[in-house]
Amino acid sequence: MTPRCSWMWRRARCMLLGRSRSAATGRCLGAERTLTSTSHPPKICIVGSGPAGFYTAQHLLKHTQAVVDIYEKLPVPFGLVRFGVAPDHPEVKNVINTFTQTAHSERCCFIGNVTVGRDVTVEELRKAYDAIVLSYGAEDKRELEIPGEELPGVYSARDFVGWYNGLPDNRHLSPDLGSETAVILGQGNVALDIARILLSPLELLKKTDITQSALEAISHSRVKRVWLIGRRGPLQVAFTIKELREMIHLPGTRPINDPSDFYGLGDIVKDLPRPRKRLTELLVKSALEKPKERDCSHLAQSDREWGLRFFRKPVAVLLSEDGKRAAGVRLSVTRLEGVGDTAVAVPTGQVEEIRCGLILSSIGYKSVPISPVVPFRPNKGVIPNSMGRVQGTPGLYCSGWVKRGPTGVITTTMADSFDTAQALLEDIKSGALPLSEPRPGSSAIRELLLLRGIQTVSFSDWEKIDAVEVARGAEVGKPREKISDSEEMMRLICR
Ligand code: FAD
């Protein structure tokens with residue numbers, strides 16, 4: 001018997017005996033959970049362990065008897081906090097401390113390495129639990145739908161971000177950074193994250209949790225200029241002021257925006273709503289004001305640059321002469337119809353081209369349907385719901401990006417997850433969610449998974465992986481060295 005097999009066998013016995021976690025910690029005992037004052041504590045399962053999953057669990061645990069299991073398809077928790085948030089934003093990742101506290105609750109259990117919809121179905125979960133909350137995010141990318149987007153040299157932001165953040169699916173991406181000019185299609189925070197990572201001095205990146213392989217590739221990068229392309233104008237950019245400020249002050253780089261894009265905006269600014277007003281003021285200032293003397297020498301020494309190109313819609317990726325890869329992008333020049341956030345870009349008939357060997361499409365993420373029994377709106381990429389209650393499906397709830405679409409920061413996700421959890425708790429209280437029949441919860445699902453040969457990962461297993469990552473990082477002066485190979489993770493927890 002191989003070590004892996006013997007480990008699985010030991011774990012299998014534990015599962016069948018209902019001892020799914022360490023007897024020493026006493027946590028997360030599946031079938032053995034202690035009941036308190038009533039005999040039917042609500043058993044709830046959450047699908048997805050990103051911010052939506054953990055914030056929903058945190059609020060649900062306010063019910064003094066609720067038992068909450070979080071199923072996650074990866075062997076590690078935290079979703080985009082680990083695999084999306086930029087490595088040079090460690091302060092954003094502090095939410096992990098709150099999520100860890102939730103996971104340590106005696107009534108909460110993390111069950112990783114289980115893909116709902118493949119390893120176990122939503123219908124099976126519905127039989128095992130009183131309620132299900134779908135919090136599985138927006139994992140897919142939106143397509144550009146232009147000729148040439150499949151060419152080598154074109155990458156989705158989702159894959160590129162996953163690559164530098166150690167997402168197992170993207171560990172072999174190996175993007176070609178041999179071009180001096182990179183074009184990012186999109187003007188949101190993710191686009192600015194990517195521009196910053198491409199242009200940051202190596203000494204800064206070395207101190208972050210960016211993967212070693214990404215660091216190595218970036219150390220050989222020839223990218224010196226990054227264009228961020230938007231279909232609409234400066235009043236419609238989707239990034240926020242913090243990210244813009246970081247970009248403006250990035251050491252060794254200078255902005256190369258076209259002042260004519262900003263003429264006349266000074267007069268409009270005073271009437272804009274507050275966040276947009278401050279953002280536009282900064283944009284105008286950085287494009288039109290003469291830099292202070294002390295900044296002049298810094299800017300003159302900068303050998304890397306970035307700029308925003310407005311009123312340009314990508315229409316095709318250009319092919320290199322040898323016909324093998326991307327060599328540029330063709331843009332249709334646009335003008336706006338309407339004003340403000342709802343203004344629409346319409347083509348003027350004029351086109352222009354930018355030559356570049358690296359094209360990153362950052363036009364958003366997309367949720368995918370999880371099961372035929374769960375309603376889904378493909379055009380909006382969301383599960384239709386009212387306050388998190390899935391339409392026409394009692395007992396089914398949703399939170400996070402799959403509930404409201406792939407926009408908003410972690411605090412937005414927190415608020416909507418609390419709303420969903422509150423709706424569920426109110427349904428328990430009002431009797432709209434009947435708890436008449438006791439449910440088996442995780443014990444039934446673990447049996448199914450065992451029969452299907454699925455090796456689950458507990459939160460304490462994750463803590464072993466975490467400890468190894470932190471130790472490896474310490475050796476090279478980083479907060480952690482992420483393990484991006486799922487099999488290596490599984491081997492670590494088998495030891
Ligand atoms: P996710 O975080 O995507 O979590 C979904 C989880 O579900 C994942 O762990 C996934 O593996 C799991 N899952 C998917 N399918 C299944 C399945 N079938 N079965 C089981 N599990 C499944 N916000 C900020 O506040 N600050 C930032 O700096 C910031 N940076 C960002 C950078 C990027 C590149 C992106 C894309 C977003 C960023 N955000 C940031 C936004 C923030 O990450 C989101 O608001 C938040 O992660 C959405 O939470 P979620 O739980 O809905 O989705």
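## A loop residue to start from

Asp-303 sits in the loop between α13 (293–301) and β10. Labels like these come from DSSP runs, with helices (H or I, at least four residues) and strands (E, at least two) numbered from the N terminus. What you're looking at is a predicted model, where local features need pLDDT of at least 70 and side-chain atom pairs count only at pLDDT 80 or more, while totals for chains, interfaces and linings use all residues. Residues are numbered from 1 along each chain as its sequence is written, and side-chain values use heavy atoms, with hydrogens and water left out.

How exposed is Asp-303? Asp-303 has a relative accessible area of 48%, so it counts as partly exposed. The scale goes like this: buried is under 20%, exposed is over 50%, and partly exposed is in between (1.4 Å probe, protein chains only). Now hop along the chain: Asp-303 and Leu-199 are 104 residues apart, with 9.8 Å between their C-alpha atoms. Compare Pro-347, which is 44 residues from Asp-303 in sequence and 34 Å from Asp-303 in space, C-alpha to C-alpha. Pro-347 belongs to strand β13 (residues 344–355), and its 56% relative accessibility makes it exposed.

## Around the ligand

Which residues come nearest to the ligand? Among the 34 residues around it, they are Ala-52, Glu-72, Val-116, Trp-401 and Ile-410. Being near here means having a heavy atom within 4 Å. Sorted by class, this shell holds 18 nonpolar, 12 polar and four charged residues. For that sorting, Ala, Val, Leu, Ile, Met, Phe, Trp, Tyr, Cys and Pro are nonpolar, Asp, Glu, Lys and Arg are charged, and the others, Gly among them, are polar. Domain 1 (7–139 + 367–494) and domain 2 (146–364) both give residues to the shell, so the ligand lies between them. Those domain bounds come from an automatic or database domain assignment.

A backbone N or O atom of Val-116 is 2.9 Å from a ligand nitrogen, and a backbone N or O atom of Gly-79 is 3.5 Å from a ligand oxygen. Thr-413 uses a polar side-chain atom, 3.0 Å from an oxygen of the ligand. On its own the ligand has 1000 Å² of accessible area, and the protein covers 93% of that. Areas like this come from the Shrake-Rupley method with a 1.4 Å probe. The elements giving two or more residues to the shell are α2 (51–60), β2 (67–72), α3 (79–83), α7 (189–199) and α15 (410–430).

## Rings that pair up

Rings of Phe, Tyr and Trp (its six-membered ring) pair if their centres lie within 6.5 Å; planes under 30 degrees apart are stacked, over 60 edge-to-face, and the rest tilted. That rule gives 13 aromatic pairs. One of them is Tyr-55 with Phe-99, an edge-to-face pair at 5.0 Å centre to centre and 85° between the planes. This pair joins distant parts of the chain, since Tyr-55 is in helix α2 and Phe-99 in helix α4 (residues 95–103), 44 residues apart. Tyr-55 and Phe-99 are both buried.

Another edge-to-face pair is Phe-262 with Phe-310, at 5.7 Å centre to centre and 80° between the planes. These two are 48 residues apart: Phe-262 is in the loop between β9 (253–255) and α11 (265–269), and Phe-310 in the loop between β10 (304–309) and β11 (312–319). Phe-262 has a relative accessible area of 1%, so it is buried, and Phe-310 is buried as well, at 2%. There's also a cluster linked by ring pairs: Phe-54, Tyr-55, Phe-78, Phe-99, Phe-110, Phe-418, Phe-459 and Trp-462.

## Two positive phi values

Glu-145 has a phi near 60°, a positive value in a residue other than glycine. Glu-145 is found in the loop between β5 (140–141) and β6 (154–156), and it is exposed, with a relative accessible area of 69%.

Ser-174 isn't a glycine either, yet its phi is positive at about 50°. Its loop runs between α6 (157–164) and β7 (181–185), and at 55% relative accessible area Ser-174 is exposed.

Is Val-183 buried or exposed? Val-183, in strand β7, has 0% relative accessibility and so counts as buried. Its C-alpha atom is 29 Å from that of Lys-478, which is 295 residues away along the chain.

Helix α18 (residues 486–494) has Met-489, Met-490, Leu-492, Ile-493 and Cys-494 as its buried residues. At the start of α18, a side-chain oxygen of Asp-485 comes within 2.9 Å of the backbone nitrogen of Glu-487.

Key
A polar contact is a pair of N or O atoms within 3.5 Å; within protein, one must be able to donate a hydrogen and the other to accept it, and residues adjacent in sequence count only if both atoms are side-chain atoms.
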